[in-house]
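Please open the model in your viewer and keep the selection tool at hand.

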Amino acid sequence: MDYVRFHAILHGDNPAVSDLSAGREFSYHALDLYVARCTSYLIQQNCVPGDRVACLARNSADVLSLSLASARLGTIFVPLNWRLSDAELNSLLEDCSPKCLFADQKDRCLNVEVTPLQDLETLCETAEPCWPEMADQHRFSLMLYTSGTTGLPKGVMLSEYNLNETALNSVSLLEVNSDSRFLCESPMFHIIGMVSMIRPALFSGGRVFISDGFEAERTMSYLSDLTLKISHFFCVPQMALALRNATNFDPSKLSHMKAIFTGGAPHPEAQIRAWLRDGVRMVDGYGMSEAGTVFGMPTDPKLIERKAGSVGVPTPRIEARLVDDSGTVVPTNMPGELQLRGANIARFYWSKDGKYKATTDREGWFSTGDILVQDGDGFFRVADRKKDMFISGGENVYPAEIEAQLIECDDLVEFSVVGVPDDKWGEVGCVFYVPQAGPISLGSIETFLSPRVAKYKIPKHIRAVDALPRNGVGKVLKTELRKIFLD
């Protein structure tokens, strides 16, 4: 029995999910019944355990219900990033080979037959509700695509066992109970939107409000609405800044909230303290697709003030350590690569088992590739990223992926892409190039990349240099390029 079914039996009339964009309300009983009908519909489509059920859509109660139905049936739900180009999406669809694809976008040129997501409710109306025997909790039920250090997508495979552990971790870190009310605006193709902002609330018998996306003024109105009484909201720091700049921003109307939770990118200490001065608890955390929410700050304003800039501490269910390049645990206040161990950690990458094994040692420690520092009180702070990846508006961007496309651009011969600071997006890409036949405009780079990659991946700066700095073996020194930009 899953926890939606559990709460439907115990107190089915309690509200479970409100789809704010569609104006739909589900009690626990209604949600359980809709998921049961979705399960039956998937069976009608000849879906069997292990099949992939893909979905390309903005947040909705339908996306949530499909994911829960997949978990019940034993199929693998694959939410796809609707920000990607058609070429990128077709590459992912070829990789995961879904049995069916649901989408809310009609203008995409995809190589897989699409079932309109907006038809799901009608398609399920006549389906006989089905509650199959519980699938093996260790069977994979969710695949989240995340780019690797080479820029090639990896399908992170998560089981219900992993996801239940993530829910338990989040319940502890986010202080969740049956009175909690989550506003989910983080995209459901991310671990935050699909898991951290959904599972803890439903696990605890709380309530989830689903929005199809972040719009500063609209979001502020949701958070301020005392009929909704939102207690938990997650955003990346750039979204938090946009809220402060919204025309209807009024922190006095947020006093009912447990906190605003942030992650996905470094959050400047000055901005955290500005929220505290306004009486709003701004709680930072750390997580990733392979592990869910791992660290979290407390909601105590005094501790937030004292540890501003930290991402907090792990729950007792997670082991965390920092190691140097030789795998030796580093002392307190020294930087090291974060390694994690726990039942929440993914155990497989779809079709890339070798890549997963390269991240995990014989003792089960998973290497995150992030460099952190732990202080004497046990609080962690992100110091740097081990690889070249940068985060733009909460989205991971890998320079190697952009460079692989730009190789085909005739105007560029010798070049490199580096993440650089940006006031709006946190970080954006900058193309450094050695001129061959005159200057190159940023507009020409945008035109070339637009049909090939997602908009957020397109560099926002271009700089000509006399030569690319390289080390003794010819590798481009991206840290030096970043210094050039900052200078």
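A disulfide requires a pair of cysteine sulfur atoms within 2.5 Å, and the structure holds zero of them. C409 is likewise in no disulfide, the sulfur of C430 being the nearest to it at 15 Å. C430 has a relative accessible area of 0% and is buried; C409, at 6%, also counts as buried. Buried here means under 20% relative accessible area, with a 1.4 Å probe and protein chains only.

Before continuing, please note that this is a predicted model, in which local features need pLDDT of at least 70 and side-chain atom pairs count only at pLDDT 80 or more, while totals for chains, interfaces and linings use all residues. Residues are numbered from 1 along each chain as its sequence is written, and side-chain values use heavy atoms, leaving out hydrogens and water.

Which residues of α15 are buried? They are I445, F448 and L449. These residues cover an arc of only 90° around the axis, judged by the directions from the axis to the C-beta atoms, so they lie on the same side of α15.

The axes of α14 and α15, lines fitted to C-alpha atoms over the stretch in contact, come within 10 Å and cross at roughly 90°. Finally, select I402, Q405 and L406 of α14 with I445, F448 and L449 of α15, which make the contact (heavy atoms within 4.5 Å).

How values were computed
Buried means under 20% relative accessible area, exposed over 50%, partly exposed in between (1.4 Å probe, protein chains only). Helices (H or I, at least four residues) and strands (E, at least two) are DSSP runs, numbered from the N terminus. Axes are lines fitted to C-alpha atoms, for helices over the stretch in contact, and angles run from 0 to 180 degrees between N-to-C directions.
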